[in-house]
Amino acid sequence: MITVINRLTVHGDVPTFEQVLKGITAHMSGQPGFIGHRLYRSLRNPQVFIETAQWTDAASHRAAMQAEAFQEKVKDLGGLATPEPDLFEILEEDAPAPTERA
């Protein structure tokens with residue numbers, strides 16, 4: 001599994017940015033290898049968003065990004081935000097144990 005982490009700094013209209021991003025996410029969620037997605041917004045700087053997406057492998061992500069349908073959707077993002085994406089792998093993870101309910 002790989003994780004795509006994308007920092008997006010919005011310099012356009014935030015609601016328009018969110019709508020464009022929703023369309024991109026809807027498209028990507030239907031692609032082979034897509035596992036899940038999360039979107040975070042900075043409390044300190046509300047123009048900064050962090051998007052994470054999990055994929056089965058880098059090749060699936062690359063194929064989805066190279067598809068013409070993705071290229072059409074992502075071109076609308078350029079005027080609204082500056083993306084800074086990269087691929088990451090988990091090296092260490094510490095999750096709390098589930099709690100039991102009585």
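In this predicted model, A69 is partly exposed, with a relative accessible area of 38%. The value lies between the cut-offs of 20% for buried and 50% for exposed, so A69 falls into the middle class. A69 belongs to helix α3, which covers residues 68-74. Its C-alpha atom is 12 Å from that of G30. Along the chain, A69 and G30 are 39 residues apart.

The chain as a whole contains three helices and four strands. Read from the N terminus, the order of elements is β-α-β-β-α-α-β. The C-alpha trace spans about 50 × 35 × 25 Å along its principal axes. The chain has 102 residues, and 29% of them are buried. The accessible surface amounts to about 7,100 Å². Carbon and sulfur atoms account for 53% of that surface. Among contacts with a separation of 6 or more, 72% join residues 24 or more positions apart.

The four strands form an open sheet. Their order in the sheet is β2-β3-β1-β4, and the pairing is antiparallel. Strands β2 (34-41) and β4 (81-88) stand at the edges. Each has a single partner strand, so one side of each lacks a neighbour in the sheet. From one strand to the next, the twist averages 15°. Strand β1 (residues 2-10) is joined to β3 by eight bridges. These two strands run antiparallel. In one of the pairings, R7 has I50 in β3 as its bridge partner.

Strand β3 covers residues 48-55 and includes W55. W55 is buried, with a relative accessible area of 1%. That value is under the 20% cut-off, which is why W55 counts as buried. Beyond its neighbours within four places in sequence, W55 is in contact with M1, I2, V4, M28, Q31, P32, G33, F34, I35, S60, H61 and A64. The C-alpha atoms of W55 and E93 are 17 Å apart in space. In sequence, W55 and E93 are separated by 38 residues.

M1, I35 and I90 together make a nonpolar patch of about 300 Å². I90 lies in the segment after β4. With a relative accessibility of 46%, I90 counts as partly exposed.

Note on methods. Residues numbered from 1 in each chain as written. Predicted model: local features only at pLDDT ≥ 70, side-chain atom pairs only at ≥ 80, totals over all residues. Heavy atoms only, no water. Buried < 20%, exposed > 50% of the residue type's maximum accessible area, 1.4 Å probe, protein only. Contact = heavy atoms within 4.5 Å. Pairing = 2+ DSSP bridges. Axes fitted to C-alpha atoms, helices over the stretch in contact; angles between N-to-C directions. Patch = residues over 30% accessible without salt bridge, like charges linked within 9 Å, V, L, I, M, F, W, Y side chains within 5 Å. Areas by Shrake-Rupley, 256 points an atom, 1.4 Å probe, with all protein chains shown as cover. Salt bridge = Lys/Arg side-chain N within 4 Å of Asp/Glu carboxyl O.
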